[in-house]
Amino acid sequence: MIELDETDRRILRELVQDATQSASALGRKLGLSQPATWRRVRRLHDTGVIKGQRLDLDRELLGFGVSVFLGVKLATKGRVSLDDFERAVSAIPEVQSVEHILGVYDYRLRVVARDISDFERVLRRRIMTLPGVGDVEANVVLSEERRPGPI
Amino acid sequence: MLDDTDRRILRHYQHDPALGLSDLADLAGVTANTCTRRLERMQAGGVILGNRAVIDWRALGYEVEVSLRAQLDKTQPRAFDEFTAAAREVPEVIEIQTFLGRVDLRLYVIARDMAHYQHIYRTAILPLPHITDIEALMHMARIKADEGLPI
């Protein structure tokens, strides 16, 4: 586990807002020299604290009016069916994320669609036909926010 | 509003948000000037909301991830607003979604270990206002997480 000091945390908070900032721009904001900032940013990457970047896009402006969280229960369990299910579900372009969970459902999927009828098409043709799929619960996302987290 | 060139740029940019401008332009088959202009227009138009660093919470010692699905007392007209406002004050809550469906709301909570999770659950989550039912789904593994849109 990596220990961060207050300066690291400020850098992290800044990069979560905008990862494209240069070390010199970031350093100016925080009152640090460019090389010192660069070294700290480098360390955050090297230690895996920053695992990548994510392009934040406006789904609605891109024509994806509907996001749905699907809880999926598998009808038949066993190693083979899990692998088959995971491979097949990950290949569906409308499925943005797949998480294996422990609780009332086996998997949580995040699905985007153009509208409700497009979602119905994805659900019936793509999801319900997946190998081993059992009960499915759909919750349509009305609003969403990401929080900075404990940094 | 977006043409094929915009979408091509977005597809490549979404796939690898750490790409430099000239690499992105090459992949999308446009000049660096065109690429810059298109990106600026999509930022100004709100299609691109940001390019954000993604934190690996495990690298910072947060081993436990839990999805808490809550139902609220809908006889209280301000239940959603008050619950959400209070949930924002909990640093370990990193995502908040509201839904149309059986579940009203989801909190994505991270914790250092199970004891820490128990502590957060008892002292910060259960006291949140207007909860009528809450269930926890323990996160086991992330199978697909690019959150890419099928642009």
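# Notebook: chains A and B, predicted model

**Entry 1. B:His130**

I began at B:His130, which is buried because 20 other C-beta atoms lie within 10 Å, and 20 or more is what the cut-off asks for. The model is a predicted one, and I read everything below with that in mind. I looked up where B:His130 sits and found it in the loop between α5 (114-125) and β5 of chain B. Its phi is near 70°, a positive value in a residue that is not glycine. I noted the background for this: most residues other than glycine have a negative phi.

**Entry 2. Chain B as a whole**

I then listed the secondary structure of chain B, which comes to five helices and five strands. Read from the N terminus, the order of elements is α-α-α-β-β-α-β-β-α-β.

For the overall dimensions I took the C-alpha trace of chain B, which spans about 55 × 35 × 25 Å along its principal axes. The radius of gyration of chain B is 20 Å, whereas a compact globule of 151 residues would have one near 15 Å. I also looked up burial and found that buried residues make up 32% of the 151 residues in chain B. Of the contacts in chain B between residues at least 6 apart in sequence, 62% join residues at least 24 apart.

**Entry 3. The barrel**

Which strands make up the closed barrel, and in what order do they run? I wrote the order down as β2(A)-β4(A)-β3(A)-β5(B)-β2(B)-β4(B)-β3(B)-β5(A), eight strands with antiparallel pairing. On average, neighbouring strands of this sheet are turned by 35° against each other, with direction ignored.

**Entry 4. Pairing between the chains**

I checked the two places where a strand of one chain pairs with a strand of the other.

- Strand β5 (residues 133-146) of chain A is joined to β3(B) by six bridges, and the two run antiparallel. Here A:Glu145 stands opposite B:Ile96.
- Strand β3 (residues 95-102) of chain A pairs with β5(B) over five bridges, also in the antiparallel sense. Here A:Glu99 has B:Arg142 as its bridge partner.

**Entry 5. Pairing within chain B**

Seven bridges join β5(B) to strand β2 (residues 64-72) of chain B, and the pair is antiparallel. One of the facing pairs is B:Leu72 opposite B:Ile131.

From β2(B) I went on to β4(B), again with seven bridges and an antiparallel run. B:Ala70 stands opposite B:Leu105 in this pairing.

Next came β3(B) with strand β4 (residues 105-111) of chain B, antiparallel over five bridges. In β4(B), B:Tyr108 is the bridge partner of B:Glu95, and B:Val109 is that of B:Val93. The two strands form a hairpin with four residues between them, and B:Gly101 in the turn has a positive phi of about 160°.

I asked whether β4(B) is largely enclosed or open. Six of its seven residues are buried, so β4(B) is largely enclosed by the rest of the structure.

In chain A, helix α5 (residues 116-127) lies across β2 (66-74), β4 (107-113) and β5 of that chain. This helix runs at about 135° to β4(A).

**Entry 6. The interface**

**Entry 7. Domains of chain A**

Last, I looked up the domain assignment of chain A, which gives domain 1 (6-46) and domain 2 (66-140). The C-alpha centres of these two domains of chain A lie 38 Å apart.

Methods
Residues are numbered from 1 along each chain as its sequence is written. Chains are lettered from A and ligands numbered from 1 in the order in which they are written. This is a predicted model: local features need pLDDT of at least 70, side-chain atom pairs count only at pLDDT 80 or more; totals for chains, interfaces and linings use all residues. Two strands pair if DSSP finds at least two bridges between them. Domain bounds come from an automatic or database domain assignment. Axes are lines fitted to C-alpha atoms, for helices over the stretch in contact, and angles run from 0 to 180 degrees between N-to-C directions. Two residues are in contact if their C-beta atoms, placed from the backbone, lie within 7 Å. A residue is buried if 20 or more other C-beta atoms lie within 10 Å of its own, exposed if 12 or fewer, and partly exposed in between; C-beta atoms are placed from the backbone. The radius of gyration is taken over C-alpha atoms; the globule rule is 2.2 Å times the number of residues to the power 0.38.
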